[in-house]
Amino acid sequence: MSLIWIIDDEQAICYALRANLEDQRYRVEVFSSAEPALKSLKKHQPDLILLDVRLPGASGMEVLEILKADHPQIPVILMTAFGDLQTAVQAVQAEAFEYLTKPFDLETVLQAVRRALAQRQMRANTKDLGQSLWAGGEPQQPELILGKSAAMQNVYKQIARAASMDSTLLIQGEEGTGKNLVAVMVHRFSARQDLPMLSATAIPGKDLELEIELFGAGRPGSDALQPLRTGLLELAGQGTLLIDEVGAISLANQLRLIRAIENKSFCRVGDTQTRELQCRILFTSSHSISKLVSEGELDRRLASHLEVFTIDLPALRDRPED
């Protein structure tokens, strides 16, 4: 029978969690602060910890750091009534198993508990569980992203997870939902944060201009080409490149991007020399990918790359509590 610790100073939350977990035949111990829980770790260890972020004395984030340093095999589910992007990113960086915002549905907690315990069982013989996604370093302060609604809490978690990955990313939402700002946050909290972040905007009817802006121009052998120029894919180096409004890119340029992404290389326009693609590419779209594909404005192969990880931004009218 699995032992679960609850570290939270809200009696009502603890009572509800304990009752529901014991109904599921888990053993439960409750601590109202971090210090007695940390002392108890010297005698026995739980299989899972439900940890509140705001505690008297040591904070939940401080406790999480201690746990991941000294007891990396114990999964931790963070709980908070004050969720924001900074907390979400710190939770991911510190390898919290899950990050839940109060008030939460108890079934959601139970599902997270089951998944955490199952993952621990599968990883029972795995070494080095406590290795961080990043090799140290304090996260930088984010720019202003407003919202405490459940929808925005989900966005914060998506940003944190996207920052921990290195795949192509799509950020989609209506005009004015903050897609570019979210892209900046993904870069800022990623392992590429100290490297350049550049951006380009796709404008209909400006195919050659965008092609040269992205890929650069090689040996000028035609009047249609500008003089020798380094493109953004090259200038970004190992940093991040944001391409705004993927649906406005011509199909010909989409094909060039597909080849660059799949081959990890590209050529300048008018040149034959292959150059390595090192940057991470982020895309935004004001329209759904499925709609763009069905209307023939987006290549299906590029869509498959964009769908690896997608952040969907809600409109303000859909989160009136904000």
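This is a predicted model: local features need pLDDT of at least 70, side-chain atom pairs count only at pLDDT 80 or more; totals for chains, interfaces and linings use all residues.

Q: What share of the residues is buried?
A: Of the 322 residues in the protein, 50% are buried. Buried means under 20% relative accessible area; exposed means over 50%, and partly exposed lies in between (1.4 Å probe, protein chains only).

Q: How many helices and strands are there?
A: Twelve helices and 14 strands. They are DSSP runs, numbered from the N terminus: helices are H or I with at least four residues, strands E with at least two.

Q: What makes one face of helix 3 the buried one?
A: Helix 3 (residues 60-70) buries G60, M61, V63, L64, L67 and K68. Seen down the helix 3 axis, these fall within an arc of 155°, so they line one face. The arc is taken from the directions from the helix axis to the C-beta atoms. E65, A69 and D70 are exposed on the face turned away. The cover over the buried residues includes helix 2 (34-40), strand 3 (48-52), strand 4 (76-80) and helix 4 (85-93).

Q: Why is helix 4 called oblique to helix 6?
A: The axes of helix 4 and helix 6 (residues 150-164) cross at roughly 40° and come within 8 Å. Under 35 degrees counts as roughly parallel, over 145 as roughly antiparallel, 65 to 115 as roughly perpendicular, and the rest as oblique. Therefore helix 4 is oblique to helix 6. Helix 4 contributes L85, A88, V89 and V92 to the contact, among others facing them Y156, I159 and A160 of helix 6.

Q: Why do strand 7 and strand 14 count as edges of their sheet?
A: Five strands form an open, parallel sheet in the order 7-10-13-6-14. Strand 7 (197-201) and strand 14 (310-312) each have a single partner strand, so one side of each lacks a neighbour in the sheet. Two strands pair if DSSP finds at least two bridges between them. Strand 7 and strand 10 (residues 240-244) have five bridges, in the parallel sense.

Notes:
Residues are numbered from 1 along each chain as its sequence is written. Side-chain values use heavy atoms; hydrogens and water are left out. Contact means heavy atoms within 4.5 Å. Axes are lines fitted to C-alpha atoms, for helices over the stretch in contact, and angles run from 0 to 180 degrees between N-to-C directions.
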